[in-house]
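Okay, everyone, thanks for coming. Let me put the structure up and walk you through a few parts of it.

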Amino acid sequence: MYLCIVIFNTTHTNKEAKATINDLVGDSYSFFESIKMNGVGSKRMVIEDVSIGFKNILNSVADINYGNIEFRKKGILVHIAKGHKNYSWAIPFYQLHIYNTNSYSIHAQGNFIRFKNNKFLKENKKFLDRLLDLKIKNEENYSFYDTEKQI
C-alpha cells in the first residue's frame, strides 16, 4: 500500500514506473476497449492550483500549466506537462476524491490538483461525468454492508 504521493516522470519509458503504475491503477485499456468506452483520455485542462507536493513539477514562470486525465481499469492517471517533461500521478479509485465547486479538483494521497473552470473544463464535462460513474461502479465492487438486509 502506498501512503505517499505516487507521481512519476513519464517523459521517457521506464519499466519500473510502468510496472508500479499498472500495479496501482491497472493496465491501460486496449484499443477496442477504448473505442467501446468512447475514449479513455480527457482533453487538456488548465491547472489552477496544486498542493505543495506538486509545486516543484509545475512551470515556475507565468506559463499556463496543463493537465489531462486517463482512465485505467483500477483508477486514473493525471498527466501534467511541464515544458518538455511529462509527469503522471497514479490514483487508485479507492483513494480518489472529486470536488466540483467553482472549479474541479481531484484529491488523493493528501494532495490535490484543481482545474480552472473555463472552456477547457466545459469541453470535458461528459468525460468527467464518466469518471464519476466509473468511481461509483468501482466502489460497488467493495460494498461492506448488506444492502438487502432489512432492519
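This is a predicted model: local features need pLDDT of at least 70, side-chain atom pairs count only at pLDDT 80 or more; totals for chains, interfaces and linings use all residues.

F31 sits in helix 2, residues 31-36. Is F31 buried or exposed? Its relative accessibility is 58%, and the cut-off for exposed is over 50%, so F31 counts as exposed.

Now on to strand 5, residues 85-92. This one is mostly covered, with six of its eight residues buried. Which strands pair with strand 5? Strand 1, residues 7-9, runs antiparallel to strand 5 and is joined to it by three bridges; there, N9 has Y87 as its bridge partner. Strand 4, residues 75-82, is also antiparallel to strand 5, with eight bridges between them, and A81 stands opposite N86. Strands 4 and 5 form a hairpin with two residues between the strands, and G83 takes a positive phi there, near 60°.

Okay, the inside. The largest nonpolar core has 29 residues, and I69, I76, I106, I113, F115 and L131 are the ones with the most contacts inside it. Strand 4 and strand 5 are among the elements that each supply at least two residues, but helix 4 gives the most, with four. Take L131: leaving out residues up to four places away in sequence, L131 touches I69, F71, I76, F93, L96, I98 and Y104.

And there's a second, separate core of eight residues, including A17, L24, L77 and A90.

Notes: Residues are numbered from 1 along each chain as its sequence is written. Side-chain values use heavy atoms; hydrogens and water are left out. Buried means under 20% relative accessible area, exposed over 50%, partly exposed in between (1.4 Å probe, protein chains only). Two strands pair if DSSP finds at least two bridges between them. A nonpolar core is a set of buried Ala, Val, Leu, Ile, Met, Phe, Trp, Tyr and Cys residues joined through side-chain atoms within 4.5 Å. Contact means heavy atoms within 4.5 Å.
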